[in-house]
Amino acid sequence: MPIQRRRFFQSIAAASAASTLSAQSAAPTLPEKVATVAPETAAEPVQRFFTVQQRATLRRAASLLQPAVGALPGAIDAEAPEFLDFLLSVSPAPRQTLYRSGLDHLDSQANKLFQQPFSGLSAAQADQVLKPLIVAWTFDPPTDPRQRFLTELRADLRTATTNSAPYAKANANNSRRRRGPGGAGFYWLPIDPTRR
Amino acid sequence: MPTPTYDVIIVGSGHSGGMAAGVLTAKGVRCLMLNAGPVVDFEKDRTNKAAHELPFRGFGKPGQHPHVFQANEFNANTWVDEKEIPYTQAANAPYNWVRVRLVGGRSLFWARQSFRLSDFEFKAADHDGFGENWPIRHDDLAPFYSRVEAQFRVVGRKEGWPQFPDGNFVDGGFDAAPDSECQKRLTAVANKMGMGVSRMRAAIGENGLASSVNLSIPNALATGKLDVVPNAVVRQVSVDKNTGKANGVIFLDRHTGREMHAKARVVVLAAGTLETTRLLLLSNLANSSGALGHYLIDQQYGCNVVASMPEARDGKATPQLIGGGLFMPRFRNLDKKEKRNFIRGYALPMNTGSSPDPRYFTEYGEALQKKLASYAGSCVQGSIFGEVLPRKENHVRLNKDQQDAWGIPTLHIDARYGDNERNLCKDAADTMEEMYTKAGLEMLVKSDKVNPPGYSIHELGTCRMGEDPKKSVLNKWNQCHDIPNLFVVDGSSFVTGGWQNPTMTILALSMRASEYLADQLADGNV
């Protein structure tokens, strides 16, 4: 196509687009913002990181480490295990390994002590597996990978629970605890990110 | 449009750059300020959100800021993205380089703890024979400290101790509430152990912010003598081949990569310690001494010791019983005859009346909840601000094998703490434990470990000042020995770091250097 003809068609197209824009901007009112819901309220998360066995171990550990207390939901109510499955799936490899081998260790200890998987242990039985792995610490976490795992698991379950929507809702309903975990804060949006 | 002619280009807009702009423009000096990042809009750039509304429930995007321990999902977008501007570290020597490139830099987010250095730091080599003295002493900087303290509205309690010089404190804002029983008990023990007990000193600024963006730059802009260009990634200080003097800087537009050359009679670097040194290394300037990039220091933070006051547990933590802070400025090695397995010293900041973190306990589930409820409000927590020795081997250099997003070589950091830092930290932890025990508290947890270098966000040195051009990069006016119209006014000029948060000293040095520069410009000496 000769260059002049091409420019002609380009100018026609531009004029047409401009008139369309003009017509749209002449609309008297803007549409209302579409109301939306969070994905968690509409669907279940697909779990892909942990094995079925590891998932069962994680859920049992979650029910014991971060149970519901009074009106405040526990880790299971807050779907903390399901969230951790997602979080770990996008985490650096060393943390993934820590979690996988940590859950496997809980299971192997359960089998060794009670000849059944961790997910089937009573609270008293599970305590014999969990308790030796929990150490008090500050600033420098334990270096033993199994203790480190349980340290992280306990803290992560707590965060995933207290920062969940069910917990925030329960917290808001309980005025005495409104200022506790799971609160709000200033979130910084991306500030003029580099466009290159 | 003709290119404007500036008297001074200021690279960086944090505390030191903002101060330079304020002082110079007030004296009629025409300035151009270049900043590598954008301007913050406090209304549009942040919004109130609940943690559950964040994509990662407050955990933050995994791996996003591996060296910024201070990062969380709420503030993640304020820190420099390490993928965009990477750096490398020596093997087994992690360094936490914590950066902000927004206009205002780290002055937007600092903790506002405000101290002066004393002659125990300025003349440290005279005291213990290690390293070099500063070419100035406290008396030289005192008038500038006083003016900075007034501008930043520093509050504190005067003590009259030589290792803790009093400031020009403003009235109001200081917690003058009577000491709680816990504070009294700890103070009595500390005094018996040879420590003075004071209170935290802090800048209250204006409307909760003590930053260049509200305390320095607005006044400079009001003079009509300051132009600010955001998103200007400076890659080189340019030099006139005939005179050997600096004549400007070359920068790239952050978004487009377009290269620009800004010219001025004088260049002032205020990009933050390591970015300033990186820029000088990139420009191949100011290194006749061989000291550029060396003697990297900071302050060691960490070493956490926590106890609980038994009488304050189970809902009995009244304000009369527990609450309030204590601050023990350096008390070690003030006497030259004192013999320890470390030189220099540390300060102990301590708070009382806090609630425990779950990690302090071995319980879990409902038992943990009960424990947390029982100990709520009963805790005493202490940590350290520890001095780090300036050693030549702790250094930075260019890594030409790795470039940032604009093709600029990055920095390689090789810094580690030594026995002096480790012994000092252990002494601090043991001292706190002794304090708690003697005060009748129940010990909960104790760590005598520190975070990696850089964690305190107080990186200093690498472009130090000194009398001898063979041992230092700058003279006592923050003026480059090699190039008289090149000044460095940020923390890179430090010779020693002390235990003190360096901001007041950076500001006072920048004010002093900028007034000197204005006089030199007026006299035609630069």
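Chain A contains eight helices and one strand, where helices (H or I, at least four residues) and strands (E, at least two) are DSSP runs numbered from the N terminus. Read along the sequence, the pattern of chain A is α-α-α-α-α-α-α-α-β. This is a predicted model, in which local features need pLDDT of at least 70 and side-chain atom pairs count only at pLDDT 80 or more, while totals for chains, interfaces and linings use all residues. Residues are numbered from 1 along each chain as its sequence is written, and chains are lettered from A and ligands numbered from 1 in the order in which they are written.

Of the 196 residues of chain A, 31% count as buried; a residue is buried if 20 or more other C-beta atoms lie within 10 Å of its own, exposed if 12 or fewer, and partly exposed in between, with C-beta atoms placed from the backbone. Two residues are in contact if their C-beta atoms, placed from the backbone, lie within 7 Å, and among the contacts in chain A between residues at least 6 apart in sequence, 56% join residues at least 24 apart.

Between the two chains, 40 residues of chain A are in contact with 43 residues of chain B. The elements that give two or more residues to the chain A side are helices H3 (52-65), H4 (80-89), H7 (145-162) and H8 (165-173), together with strand E1 (184-188), of chain A. H7(A) gives the most to this side, with six residues. The residues of chain A that touch chain B divide into 25 nonpolar, nine polar and six charged, where Ala, Val, Leu, Ile, Met, Phe, Trp, Tyr, Cys and Pro count as nonpolar, Asp, Glu, Lys and Arg as charged, and the others, Gly among them, as polar.

Strand pairing also crosses between the chains: five bridges join E1(A) to strand E3 (residues 46-50) of chain B, and the two run antiparallel. Two strands pair if DSSP finds at least two bridges between them. In this pairing, Phe186(A) stands opposite Asn48(B) in E3(B).

Within chain B, an open sheet of five strands has the order E12-E13-E14-E11-E17, with antiparallel pairing. Its edge strands are E12 (324-328) and E17 (442-446) of chain B, each of which pairs on one side only. The twist averages 20° from one strand to the next, with axes being lines fitted to C-alpha atoms, for helices over the stretch in contact, and angles running from 0 to 180 degrees between N-to-C directions. E12(B) and strand E13 (residues 346-354) of chain B pair in the antiparallel sense over five bridges, and Met328(B) has Leu348(B) in E13(B) as its bridge partner. Helix H5 (residues 181-192) of chain B packs on the sheet, touching E12, E13 and strand E14 (379-387) of chain B, and its direction makes about 15° with that of E12(B). Helix H10 (residues 419-438) of chain B also packs on the sheet, where it touches strand E11 (299-308), E13, E14 and E17 of chain B, its direction making about 20° with that of E11(B).

Elsewhere in chain B, the buried residues of helix H4 (residues 138-152) include Leu141(B), Phe144(B) and Tyr145(B). The buried residues of H4(B) pack against strand E5 (154-155), strand E6 (202-203), helix H6 (212-215) and helix H11 (503-522) of chain B. H4(B) is followed by Arg153(B), whose phi is positive, near 55°.

Methods
The bend at a residue is the angle between axes fitted to the seven residues ending there and the seven starting there.
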